[in-house]
Structures are given as structure tokens and as C-alpha cells.
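Subject: Structure handover

Hello,

Here is the structure I promised you. Please open it and keep it on screen while you read my notes.

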Amino acid sequence: MPFTVTTLAQLKTTMVQRWDQVVFWTPEEARLAINETLREWNLLTGTWRTRVPLSVTGNSPEIALPSLMTYGMRVTTAAGRPLQPTSIPELDYGLPPWRLQTTATGGIVPTIPTLWAPLSLTRIAIWPTYPGNVVNALQVDGVLRTPILVNDGDYLDLAEPPIDIVVDMALHIVAFKEAAARWRSTRPFFDNFLDAAVEKNGHLKQHQVYRRWAGLDRQRDLQPTRNASNQIQGVATQFSSHDTGGGGQG
Amino acid sequence: MIDTDLLSELQLTLIEPPDGGATWPSGIWTRAEVLEGVNGGIHTLVNDVHLTLARIEINVAALTTTILLPSDWLATSSLVWRDQATSVRTPLGPAGSFESDLALPGWEATPGSPLAYADLDQASLTIRLCPTPAAPGVVELIYVQQQPEVTGNGTPLPIAEEFVSAIKYTALGYLLRKVGRLLDAERSEYCDRRYELQRAAAEIILGGWA
């Protein structure tokens with residue numbers, strides 16, 4: 001789908017046009033709401049991406065991602081061979097010596113990196129690492145920082161369908177200030193925004209963490225394996241509802 | 001994003017004149033309360049999803065019963081015991097003294113090769129290993145690092161911009177729950193949902209989308 005160029009000024013104008021009542025926000029609030037929408041969209045869908053080379057420090061499996069990247073999604077060697085994603089607990093429990101091994105270890109240890117795991121948003125670990133420093137040994141595909149719109153002439157490079165979604169979500173955000181019925185009437189805009197994000201990023205809908213949040217995982221709701229209610233919570237609920245259980249006194 | 005920008009955004013949302021969070025003329029909230037809400041949001045997010053982690057190695061002598069944690073420790077993400085003589089690495093799971101007493105009676109007095117750690121049993125910022133290590137080794141600790149407090153003086157927020165909404169809505173939820181004339185249960189519950197969405201996204205990203 002072709003990308004369109006929509007300026008911040010156009011987005012703000014569209015917001016006013018789509019609000020058929022007294023506008024209750026300033027242009028600055030509209031700008032902030034648009035930027036919040038873009039940040040949330042990028043977090044959920046990873047729309048703005050880039051590829052950067054990574055250098056490895058010898059004997060260290062940890063690598064810091066460049067600051068322009070919000071999080072990494074895919075790692076390959078410089079020759080383009082992909083590393084499989086895993087996690088630190090899987091490495092620790094499944095391959096206890098992983099941190100001490102390098103491509104020169106020999107035996108069953110591969111001679112090139114084959115696994116990567118996120119340590120945090122800004123750091124990853126690889127297995128096996130190289131025994132010496134290697135410049136631009138790997139490439140990482142990741143999500144760029146969300147572009148922030150500041151001036152009216154700044155433009156947004158998004159395909160056409162999400163523009164409506166962006167404007168509606170921004171309206172929902174500015175309406176929060178008003179509260180009550182007018183804000184409540186924009187709640188479907190938030191739902192539409194999430195539906196669009198899920199459509200763009202199929203991983204979201206499949207992932208049980210998101211499904212739990214969205215209320216799609218009924219089995220877990222009914223038979224929780226964590227945070228199940230207990231007697232202490234029952235007592236706390238009584239207190240919070242001001243039900244002292246003091247019946248029979250009157 | 002710098003902290004004063006976020007504070008101005010909160011002011012606009014709460015119908016206060018935006019001035020980087022310096023003044024709150026409605027008198028409903030104080031600047032200190034707002035900063036408390038913002039810092040609470042940062043701590044909650046960082047702790048809930050282990051957003052930023054640090055790693056250190058702590059040398060442990062044989063028969064050590066108390067190991068000091070770094071002063072910026074907020075929570076343990078993972079801990080591995082590495083035997084000094086053999087370099088064999090053993091990942092340790094979290095346990096409490098109650099569990100240890102049941103599973104391994106005498107674990108404090110009879111040293112052995114550590115199988116678990118307890119970081120909430122003793123004084124703050126200390127851990128102990130179960131059983132007490134019989135030989136020297138190294139604790140490889142990956143922990144959630146406490147973030148610097150936001151003071152509203154124009155310094156960058158200690159998290160990626162994509163997670164600023166989590167902080168914004170945690171702070172708004174906190175402020176709108178205040179018992180007063182702007183108490184708003186509906187919007188504060190909505191704020192919780194917005195925070196949870198960001199939390200879910202962070203959890204998925206850090207889990208590697210698996």
C-alpha cells in the first residue's frame with residue numbers, strides 16, 4: 001500500500017472536523033495526543049523499523065543495542081544467517097555453561113552464534129559469543145524510536161488506513177480531560193485502535209499475555225494459576241466495601 | 001522525553017495551567033503528590049516487567065550466610081551460582097526459609113552446593129543461599145535496577161518514550177483516586193487498563209514474542 005504524507009497541521013484539522021461539538025482542547029493538546037497515539041501504535045505494532053550492525057566484545061555474550069532502537073526483534077550474523085530467539089531462563093536452565101562458551105570452545109558448541117535472548121529492552125545476549133572483538137559481527141532488526149511531530153509542517157509516513165484510526169484515538173485521548181459522557185462516547189475509538197494494532201501485528205492476538213489483558217482468555221480467568229483470590233482478599237474486599245459484617249446489632 | 005514535558009501533559013489533562021509541573025493552582029494536588037505518582041509509575045513498570053536490568057558478579061566465600069546486594073537492587077531477575085573450582089554454573093530458583101526448612105531440613109547448618117536463593121527473608125538488600133555454600137563461588141546476579149527519582153527539573157525520563165503512557169496513566173490514576181472533589185473512579189480504572197496494556201506489551205517484547 002502506498003504511503004501518504006500527512007502533516008501535523010492536517011491531522012489537527014481533521015481532529016476538529018471529526019468533533020462535531022465545542023472543541024475542548026488546545027492545538028498543543030492535540031499534538032500531544034497525536035504523539036501519544038503514535039508511540040502506542042509503534043509499541044504495539046513495531047511500525048517504524050531499522051537494521052543496524054552490532055559489534056561483539058570478546059568473551060562477553062552481552063551486547064547493548066544502539067540508543068535509536070526501542071527494542072530488537074531479529075538478529076542475524078553479518079552473512080545473514082538468523083539467530084533463533086530464546087530467553088535467559090531457557091539458556092540458564094537448558095544450557096548452564098552458555099555464558100562461558102565461545103565459538104572457539106569446540107565440542108557441541110557451534111562455531112557461529114546461533115541463539116539470542118533479550119536481557120532487557122536495550123541489551124541482548126547471544127550464544128555462543130566470539131572469543132575476541134569482532135566489529136559488525138551481527139545485524140539487528142528492531143523498532144526505531146517513534147517519530148515525534150513538533151511543528152505543523154512535520155509529516156507522518158503511515159499508510160492511509162491507520163490515519164483515521166490515529167485521529168480517532170487522539171480524539172479519545174483529548175476527551176479524557178472532559179470525562180463523563182463525551183469521553184465515554186469515544187471509548188469505541190480506543191477499541192478500534194486496538195483492533196487495528198492486532199490486525200497489523202498478529203503476534204499480539206496469539207500471545208496469552210495480550211489475550212489475558214483483552215479478556216479473550218476465559219479459561220485463565222475462570223481457573224487462574226496466579227493471583228487467585230484467597231481469604232485475605234475476601235477480608236480486604238469487605239473492608240473496601242465498608243461491609244463490617246456487623247449485622248444483628250440493630 | 002524530559003520530565004517537565006510529562007508534567008505539563010499531566011497539567012493539561014487535569015485542567016491545570018501547564019508550566020512544567022511547577023504549580024498546581026487548583027489546590028487539589030500538590031507538586032510533591034504528582035511527582036510521587038510519576039515515580040510510582042516508573043517503579044511499578046520497571047519492577048513489573050524487568051524493563052531495565054543490570055548484571056554483577058559477587059564473590060562468595062565458603063560458609064557465607066549473608067550476601068550483600070547492590071544498593072540499587074529492586075528485584076532479582078535471575079541468579080546463577082558458579083563454583084569457583086570447577087566453573088560449573090547452576091541456575092538457582094527463588095525460595096523462602098519456610099520452603100527450605102521443609103525441603104532441606106538443616107540447610108543453614110549443613111553446607112552443600114546451593115540450589116536456591118532467598119532474597120526476602122533477611123534484612124533488606126541481602127540474600128542467602130540454600131543450602132549454605134560449602135565451597136567458594138560466584139553469584140551471577142541479574143537484577144532490576146532502581147531508577148533515579150524524577151524531580152521535575154528537566155531531566156530525561158529513565159525509560160523509552162514508548163512506555164511514557166504507562167507512567168502518565170499510572171500517575172493520572174493515582175491522582176484521580178484522591179479522595180476529594182475530583183475523585184473519579186471510572187477514569188482511574190481506565191488508567192489502570194491503559195497501564196496494563198503497556199505492561200502486557202513490555203512483557204511480550206521481553207519474552208521474545210514467543
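Which residues touch the most other members of the largest nonpolar core? They are A:Ile34, A:Ile124, A:Ala170, B:Leu45 and B:Ile167. This core holds 108 residues. Helix α5 of chain B, residues 185–206, gives the most to this core, with 10 residues. Bear in mind that the model is predicted. As background, nonpolar side chains in soluble globular proteins tend to be buried together.

Look at A:Ile124 first. Set aside its neighbours within four places in sequence. A:Ile124 is then in contact with A:Ile63, A:Leu65, A:Gly72 and A:Val75, among others. Its contacts also include A:Trp116, A:Ala117, A:Pro118 and A:Leu119.

Next, the contact between the chains. Chain A puts in 36 residues and chain B 34 residues. On the chain B side, five elements each supply at least two residues: α1 (3–13), β3 (73–83), β4 (89–94), α4 (164–176) and α5. The largest share of that side comes from α5(B), with 9 residues. By type, the side of chain B that touches chain A has 17 nonpolar, 9 polar and 8 charged residues.

Chain B is also divided into domains. Domain 1 covers 1–51 + 154–171 + 201–210, and domain 2 covers 53–145. The centres of these two domains of chain B, taken over C-alpha atoms, are separated by 34 Å.

Now go to the sheet in chain A. It is an open sheet of 3 strands, in the order β2-β8-β4, with antiparallel pairing. In chain A, β4 and β8 (residues 134–144) run antiparallel and are joined by 7 bridges. One pair to find: A:Tyr71 has A:Val143 in β8(A) as its bridge partner.

Last, find A:Gln101. It sits in the loop between α3 (88–94) and β6 (115–120) of chain A. Is A:Gln101 buried or exposed? A:Gln101 counts as buried, because it has 20 C-beta neighbours inside 10 Å. Not counting residues up to four places away in sequence, A:Gln101 touches A:Val109, A:Trp127 and A:Pro128. A:Ser60 is 41 residues away from A:Gln101 along the chain, yet 9.4 Å separates their C-alpha atoms.

Best wishes

Definitions and conventions
Residues numbered from 1 in each chain as written. Chains lettered and ligands numbered in written order. Predicted model: local features only at pLDDT ≥ 70, side-chain atom pairs only at ≥ 80, totals over all residues. Core = buried A, V, L, I, M, F, W, Y, C linked by C-beta atoms within 7 Å. Buried ≥ 20, exposed ≤ 12 C-beta atoms within 10 Å, placed from the backbone. Helix = DSSP H or I, 4+ residues; strand = E, 2+ residues; numbered from the N terminus. Contact = placed C-beta atoms within 7 Å. Nonpolar A, V, L, I, M, F, W, Y, C, P; charged D, E, K, R; others polar. Domains from an automatic or database assignment. Pairing = 2+ DSSP bridges.
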